Amino acid sequence: MLKEKVEKLAEKVFEENKSLFLISLEINSANHIKIVLDGDEGVSVNDCIMVSRAIEHNLDREEEDFSLEVTSAGVSEPLSIPRQYKKNLGRRLKVKTENDKFEGDLVSANEEEIELSWKAREPKPVGKGKVTVQREVVLPYSDIVEAKVKITF
């Protein structure tokens, strides 16, 4: 019952703030509510405060005791929903599948799949030495075990 209330309150907040979106909502047996959110332009501390207040002020502690934690998806966290991929177009990703690992620039992302592109050094077809070639791969989300944005300085 608490989860349904929190989901409805969160849904309302995200309808009012279209640039923010929900990554996960968990409630444990001790009524600890953890909400992880992300945003098309990132997430500020004020965004977390706003979401926290919108939920906390509409729940009654007299009815059910709870604790609430609202955080943003961290830079080291894996991408989990298509909207996160879309927001990271042009950035470098490290992607693991069941059988392979890829590192490349995120060229496109839609509701079903992503496309990565990278340059690779490979042996020349004839003779000695290596040649630089452009490689691409299209990966359905169902094949992706983990994908993280590679942070470069």
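Glycine 42 touches Leu20, Asp47 and Lys87, with residues up to four places away in sequence not counted. Contact here means heavy atoms within 4.5 Å. Glycine 42 sits in the loop between S2 and H2. At 27% relative accessibility, glycine 42 is partly exposed. Buried denotes under 20% relative accessible area, exposed over 50%, and partly exposed the range in between, with a 1.4 Å probe and protein chains only.

The model is predicted, so local features need pLDDT of at least 70 and side-chain atom pairs count only at pLDDT 80 or more, whereas totals for chains, interfaces and linings use all residues. Residues are numbered from 1 along each chain as its sequence is written, and side-chain values use heavy atoms, with hydrogens and water left out.

The protein contains three helices and eight strands. Their order along the sequence is α-β-β-α-β-α-β-β-β-β-β. Helices (H or I, at least four residues) and strands (E, at least two) are DSSP runs, numbered from the N terminus.

The radius of gyration of the protein is 20 Å, whereas a compact globule of 153 residues would have one near 15 Å. This radius is taken over C-alpha atoms, and the globule rule is 2.2 Å times the number of residues to the power 0.38. The C-alpha trace spans about 80 × 30 × 25 Å along its principal axes. Of the 153 residues, 29% count as buried. Among contacts with a separation of 6 or more, 49% join residues 24 or more positions apart.

The protein carries 24 positive and 30 negative charges, whose mean positions are 11 Å apart. Lys and Arg count as positive and Asp and Glu as negative, while His and the chain ends are not counted. Each charge is placed at NZ of Lys, CZ of Arg, CG of Asp or CD of Glu.

Asparagine 31 lies in the loop between strand S1 (20-27) and strand S2 (32-39). Asparagine 31 has a positive phi of about 60°, although it is not a glycine. The residue is buried, with a relative accessible area of 16%. Leaving aside neighbours within four places in sequence, asparagine 31 is in contact with Leu2, Glu64, Asp65, Phe66 and Ser67. A polar atom of the asparagine 31 side chain lies 3.0 Å from the backbone oxygen of aspartate 65.

Asparagine 88 is also placed in a loop, between helix H3 (82-87) and strand S4 (92-97). Asparagine 88 is buried, at 4% relative accessible area. Its side chain reaches the backbone oxygen of glutamine 84 at 2.8 Å. The side chain of asparagine 88 also makes a polar contact with the side chain of arginine 91, at 3.1 Å. A polar contact is a pair of N or O atoms within 3.5 Å; within protein, one must be able to donate a hydrogen and the other to accept it, and residues adjacent in sequence count only if both atoms are side-chain atoms. Beyond residues up to four places away in sequence, asparagine 88 touches Leu79, Leu106 and Val149. The C-alpha atoms of asparagine 88 and serine 44 are separated by 17 Å, at 44 residues apart along the chain.

Asparagine 99 occupies the loop between S4 and strand S5 (101-109). At 71% relative accessibility, asparagine 99 is exposed. Asparagine 99 and valine 145 are 46 residues apart in sequence and 9.7 Å apart in space, C-alpha to C-alpha.

Aspartate 60 is found in the loop between helix H2 (45-56) and strand S3 (67-72). Aspartate 60 is partly exposed, with a relative accessible area of 40%. The side chain of aspartate 60 reaches the backbone nitrogen of glutamate 62 at 2.9 Å.
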